[in-house]
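Here's a structure to talk through, question by question. Have a look at it first, and then we'll dig in.

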Protein chains: 2
Amino acid sequence: MTTVLIADDQPMQRFGFRMLLESQDDMTVVGEATNGTEAIRLVDRHRPDVVLMDIRMPGLDGIEATRRIIATGARTRILIVTTFDLDEYAYDGLRAGASGFLVKDAQPEELLAGIRAVASGDAVVAPSLTRRLLDAYVHHLPPSATAAPRPEDPRLATLTEREREILTVIGQGWTNTEIAERLHLAESTVKTHIGRILSKTGTRDRVQAVILAYDTQLVTPA
Amino acid sequence: MTTVLIADDQPMQRFGFRMLLESQDDMTVVGEATNGTEAIRLVDRHRPDVVLMDIRMPGLDGIEATRRIIATGARTRILIVTTFDLDEYAYDGLRAGASGFLVKDAQPEELLAGIRAVASGDAVVAPSLTRRLLDAYVHHLPPSATAAPRPEDPRLATLTEREREILTVIGQGWTNTEIAERLHLAESTVKTHIGRILSKTGTRDRVQAVILAYDTQLVTPA
DNA sequence: TACGCCGTCGTACCCCGGTACTACACGGCC
DNA sequence: GGCCGTGTAGTACCGGGGTACGACGGCGTA
C-alpha cells in the first residue's frame, strides 16, 4: 500500500487527487496540506511514501518545502505537480531533491503511473518536459529558449522558430544587449528579429510582446 | 435532477468536477467537453441545465462558447469557472450571458451551491469577485486598476495602492503617455511612480516589472 | 537555375523610458 | 507645531529601444 500526502492550496485540486488515488486499491491518502509548512509537518507526522507537491502555494512554496523535507533525511519521495509545463522551477524542484515532475493536465493514468514509479524509487519526468530537459542539458542556454511552444496560438503562427526563441527571452526580461551576448548575436540582428516579431504579432513594443508571450503561454508565470 | 456539462481542457480538473458532482444525488454529469466547439455541440445534443465552463481552452474559448450558446436561445445556464480570480474576462463572461462566475479555488460546497443557484435561475458571483465587480461599476477605470491583488506577494508588499494601480496598467502594455492620459496625470508623475515601483521591486525596467506583475498574479494572462 | 524564406549584420535616426534631482500639498501621527 | 508617507509635478539628461533602410549567405523548392 502506497501512502500519499497531497500538498496543494486549491481545494478542488486536492479533491480530484484524493478521489483519483482512493479509487486505487494500492494507494491511500494519509493527509492533505495547503502550504509548504503544513506539508513539512505532515510528512514528519505520517511519513508518507510519496508527496504530491504543488509548486505555487501561499507562504512556503513547494520547492522550498521539498528542499527541507529532503534535508531531514526522510525517505519520502516527492513528486512535483504543477499547472505550468515549463519554467525553471522544474529544474529547481529536481535540484531540490524531487523524484519527478508532472504537469496537472496529464492524464490520470499518467499521474498514477508516476506515483507508482517514484514510490518504487524511480524518477519520472512528464513527457512534455523531457525534451526541454534534454535541450537544457545539451546547450547551456536558458532552458525555455530552446523549446517550442506547445499549444499553437494563432497569434504566434507566423513566427519562425528563431523568432519564438527571441520572444521567449524577451519574456525573461532580457535587454537587447543581453540577448545578443547570450545568444552570440550582433545587437543589430536582435533588433531585426524583434522588429519582425512586433510587426508579425501586431504588437507595439517589447512590453506588449511580453504580454502576448504570457497570454499565449509561450512563457509562463513562475 | 440537475444535468451538468463540464467544459474544461484539463483532464484532472474534469475528473475532480465529475467526482464531486456525481457524489451528489441531485446532480448528474451528462458530458465532458475539452474546448468551446465541443461544448457547443454537446449542449445542443444534451440540453444540460448547467454548463461548468472554463475560460481558457484551446481553440474556441469559454467566453465565445458562452456567447454562442446563449445566442442559440437554449435555456442552458452557464457557470463560468476559472483558475484566476480577476481579469476583465470575468466581465466579458457575464456580458456574454453567463449566469455566474466562480473561481476554481473555491470550496467544493461553494461550487455545488453555485450550480444549484444558477440551475434555479439565480445568478452567482464568487465572493472574492464581488468587490471588484462593484469597484468596476463605481469608477469607470479599467477594472483591474481599481482592485487590489489578493494573495499578498512579498515582492509587492512595499508598494502603495497607487503604485500597484500603475503597475497593473503597465502590465496592460500602456505607454507612459497613455497612462498619463487615461489616469489624468502628468507624464512626469507617471515616471515618478514607475521609478519608485522599479526601485521598490528591484526590477530594472518596465519589462521586468510586467514579468513580476504576471508572476505575482497582479495581472493574469488572458 | 532562380526565386523566396530565413538568419545574419550594418548604419543612421528619433523618441520613449528611466534617472536624478527638486518641489509642494495633503493627511495622519507623535 | 513638526515630521513622514503619499501623490502630484517639473526640468534636464542620456541611453536603449524601435524604425527604416540595405546587404549577403544558405537552403529548400518550384
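## Contacts, helices and DNA

B:Thr37 touches B:Gly59 and B:Leu60 once its neighbours within four places in sequence are left aside. Keep in mind that this is a predicted model.

Q: Where does B:Thr37 sit in chain B?
A: Look for the element that spans this position. Residues 36-46 of chain B form one helix, and B:Thr37 falls in that stretch, so to speak in helix α2.

Q: Is B:Thr37 buried, exposed or partly exposed?
A: Count the C-beta neighbours inside 10 Å: B:Thr37 has 16. Buried takes 20 or more and exposed takes 12 or fewer. The count of 16 lies in between, so B:Thr37 is partly exposed.

Q: What distance separates the C-alpha atoms of B:Thr37 and B:Pro58?
A: Along the chain, B:Thr37 and B:Pro58 are 21 residues apart.

Q: Is α10(A) roughly parallel or roughly antiparallel to α10(B)?
A: The axes of the two helices, residues 206-215 in chain A and in chain B, come within 9 Å and cross at roughly 25°. Angles under 35 degrees count as roughly parallel. That's why α10(A) and α10(B) are roughly parallel.

Q: Which hand does the crossing of α10(A) and α10(B) have, and what classes of residue make the contact?
A: From α10(A) come A:Arg206, A:Val207, A:Val210, A:Ile211 and A:Tyr214, and from α10(B) come B:Arg206, B:Val207, B:Val210, B:Ile211 and B:Tyr214. α10(A) passes α10(B) in a crossing that is right-handed. By class, the contact residues are 8 nonpolar, no polar and 2 charged.

Q: How many residues does each chain give to the contact of chain A and chain B, and which elements of chain B give two or more?
A: Chain A gives 26 residues and chain B gives 24. On the chain B side, the residues divide into 14 nonpolar, 6 polar and 4 charged. The elements of chain B that give two or more residues to this side are α1 (11-22) and α10.

Q: Which element supplies the largest share of the surface near DNA strand C?
A: Of the 20 residues around DNA strand C, those that come nearest are A:Thr160, A:Arg162, A:Ala186, A:Ser188 and B:Arg206. By class, this surface has 4 nonpolar, 10 polar and 6 charged residues. At least two residues each come from α7 and α9 of chain A and from α8 and α9 of chain B. The largest share, 5 residues, comes from α9(B).

Technical notes
Residues are numbered from 1 along each chain as its sequence is written. Chains are lettered from A and ligands numbered from 1 in the order in which they are written. This is a predicted model: local features need pLDDT of at least 70, side-chain atom pairs count only at pLDDT 80 or more; totals for chains, interfaces and linings use all residues. Helices (H or I, at least four residues) and strands (E, at least two) are DSSP runs, numbered from the N terminus. Two residues are in contact if their C-beta atoms, placed from the backbone, lie within 7 Å. Axes are lines fitted to C-alpha atoms, for helices over the stretch in contact, and angles run from 0 to 180 degrees between N-to-C directions. Angles under 35 degrees count as roughly parallel, over 145 as roughly antiparallel, 65 to 115 as roughly perpendicular and the rest as oblique. A crossing is left-handed if the near helix is turned anticlockwise from the far one by less than a right angle, and right-handed if clockwise. Ala, Val, Leu, Ile, Met, Phe, Trp, Tyr, Cys and Pro count as nonpolar, Asp, Glu, Lys and Arg as charged, and the others, Gly among them, as polar. A residue is near a molecule or strand if its C-beta atom, placed from the backbone, lies within 6 Å of it.
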